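Open your viewer and get your selection tool ready. We will stop at a few places together.

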Amino acid sequence: MKRLIALFAMVFLLAGVQHVQAQDQQAEDTMMLDDVVDTTAFVADSAMAAVEADLSDDDSEMMDEGGGLHKQLKRKFIEGSASFMSLVALALVLGLAFCIERIIYLTLSEVDTKRLMNDVDAKLQQNDVEGAKELCRDTRGPVASICYQGLLHIKEPLDQIDRQLTNYGMVQISKMEKGCTWIRLFIAVAPSLGFLGTVIGMVMAFDRIETAGDISPTIVAQGMKVALITTIFGIIVAIVLQFFYNYILSKIEHLTSQMEEGAIIFMDSVTQLKTRNNG
């Protein structure tokens, strides 16, 4: 009996010791977790402080540099004499308006020439001249227009039909080139306005030198900078408009080649039609 009581006492003693050790280990783990959390929070706060300091430095640098690109362009636009810079900007806007209108018109005028001419040839092989006319009338573009014009004179001799196609082709080319004269005008006017602003800016700079009575580098540099800004913007406008103008010319050349190809195929179809009817 005494041995049994002693055994139970030893068991309870060991359990108490383990419980105390578990509480101590839990307390140590809690303290370590708190230290880790505190360290992480400190590192995060330090990193955020460093990032905020860098952002504040970048913001201050951007403010020192005058802001973004649009703000710098706006500042340069104002520095280049608003009167002449407004004329250069107006030339850019009007030139781009004509370019966009021509690009849209020429893009809508493009069709699948081979498919159209195959359909017209199929109609003519069936002696369905009215069906060919309706097909050309419902199809947009200069190729369909010259074919329709040729079908209107299909009862005339072949040389007369060929002459009609040639004349109407010139009319279609004139329509495609409509507005290109204005684009060329703005390409020439933009740098000319820039050069004019430069000359006037130089005259104003010399007036400031005469008024000051001394050739100060600051006065000369300021006048030269303002004078050359107009030339820079004028040349940039001319380059942009020239790029669009060359693209328009390439589309006109492509449509012209389609017209020539369509006219040749159309004349072959008309010749076969007349041969069958005369035979």
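The tour goes from model confidence to a helix pair and then to one arginine.

This is a predicted model, where local features need pLDDT of at least 70, side-chain atom pairs count only at pLDDT 80 or more, and totals for chains, interfaces and linings use all residues. Residues are numbered from 1 along each chain as its sequence is written, and side-chain values use heavy atoms, with hydrogens and water left out.

Start by colouring the protein chain by pLDDT (the predictor's confidence in each residue, from 0 to 100). Its mean is 74, and 64% of the residues reach 70 or more. Now select helix 1, residues 2-65: among the elements of the chain, its mean pLDDT of 42 is the lowest. Helices here are DSSP runs of H or I, at least four residues, numbered from the N terminus. Residues 1-37 stay under 50 and have 0 contacts beyond four places in sequence, a contact being heavy atoms within 4.5 Å.

Show side chains for V129, A132, K133, C136 and R137 of helix 5 and A144, C147, Y148, L151 and L152 of helix 6, which make the contact.

Finally, pick R102 in helix 3 (residues 82-109). Is R102 buried or exposed? At 3% relative accessibility, R102 counts as buried (under 20% relative accessible area, 1.4 Å probe, protein chains only). Beyond its neighbours within four places in sequence, R102 contacts K175, M176, E177, K178, I183 and I248.

Definitions and conventions: Helix = DSSP H or I, 4+ residues; strand = E, 2+ residues; numbered from the N terminus. Buried < 20%, exposed > 50% of the residue type's maximum accessible area, 1.4 Å probe, protein only.
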